[in-house]
Amino acid sequence: MKPDTTTAMRNLIAEIRRAIPFGTPMASVCSDNCNGCSMKLLEFLDMELIDWERRLHAGEVPNFGDIARLAKTGRKIYQVMKKNGLVNPP
Ligand code: SF4
């Protein structure tokens, strides 16, 4: 049976949206000692997720490379958010 990459991608998007604090007000995101610009990363990742949501909606089927890339981007950005104290411990 062919693995369902569309479902895997949907699950990944949901997981990233749960883990990453989108919608944090700018006043809380910005600080005096940023380790990488959390604000820009949040915007970038949000655009990536929106783009994939649109593509899935249009019937595009992602491949394993697409999923791996988005997972990697999500993990990297999560680490920066964590360093900047913007994610709550699980
Ligand atoms: S580097 Fe980014 S997150 Fe940090 S203060 Fe500047 S705009 Fe805000």
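**View 1. Salt bridges.** A salt bridge pairs a side-chain nitrogen of Lys or Arg with a carboxyl oxygen of Asp or Glu within 4 Å; the structure holds 6 of them. This is a predicted model, in which local features need pLDDT of at least 70, side-chain atom pairs count only at pLDDT 80 or more, and totals for chains, interfaces and linings use all residues. Residues are numbered from 1 along each chain as its sequence is written, and side-chain values use heavy atoms, with hydrogens and water left out. One of the salt bridges joins the side chains of Asp51 and Arg55, at 3.4 Å from N to O. Asp51 and Arg55 are about one helical turn apart, because 4 residues separate their positions in helix H3.

**View 2. The chain has 4 helices and 0 strands.** Helices (H or I, at least four residues) and strands (E, at least two) are DSSP runs, numbered from the N terminus. Along the sequence the pattern reads α-α-α-α. A box of roughly 50 × 25 × 20 Å, taken along the principal axes, is filled by the C-alpha atoms of the chain.

**View 3. Helix H1 (residues 5-19) against helix H3 (residues 38-57).** Their axes come within 11 Å and cross at roughly 150°. Axes are lines fitted to C-alpha atoms, for helices over the stretch in contact, and angles run from 0 to 180 degrees between N-to-C directions. H1 is therefore roughly antiparallel to H3; angles over 145 degrees count as roughly antiparallel, under 35 as roughly parallel, 65 to 115 as roughly perpendicular and the rest as oblique. The crossing of H1 and H3 is left-handed, meaning that the near helix is turned anticlockwise from the far one by less than a right angle. H1 contributes Thr6, Met9, Arg10, Ile13, Ile16 and Arg17 to the contact, and H3 contributes Leu45, Asp46, Leu49, Ile50, Trp52, Glu53 and Leu56. Contact means heavy atoms within 4.5 Å. By class, the contact of H1 with H3 has 8 nonpolar, 1 polar and 4 charged residues. Ala, Val, Leu, Ile, Met, Phe, Trp, Tyr, Cys and Pro count as nonpolar, Asp, Glu, Lys and Arg as charged, and the others, Gly among them, as polar.

**View 4. H1 packed against helix H4 (residues 64-83).** The two axes are 10 Å apart, at an angle of about 10°, and H1 and H4 are therefore roughly parallel to each other. Thr5, Ala8, Met9, Leu12, Ile13, Ile16 and Ala19 of H1 meet Phe64, Asp66, Ile67, Leu70, Ala71, Gly74 and Tyr78 of H4. The contact of H1 with H4 has 11 nonpolar, 2 polar and 1 charged residues.

**View 5. H3 crossing H4.** The axes of H3 and H4 come within 10 Å, with a crossing angle of roughly 155°, so H3 is roughly antiparallel to H4. This crossing of H3 and H4 is left-handed. From H3, Ser38, Leu41, Leu42, Phe44, Leu45, Glu48, Leu49 and Trp52 meet Asp66, Leu70, Thr73, Gly74, Ile77, Val80 and Met81 of H4. The contact residues divide into 10 nonpolar, 3 polar and 2 charged.

View 6. Cys30, Ser31, Cys34, Cys37, Ser38 and Met39 are around the ligand, a residue being near a molecule or strand if one of its heavy atoms lies within 4 Å of it. The shell has 4 nonpolar, 2 polar and no charged residues.
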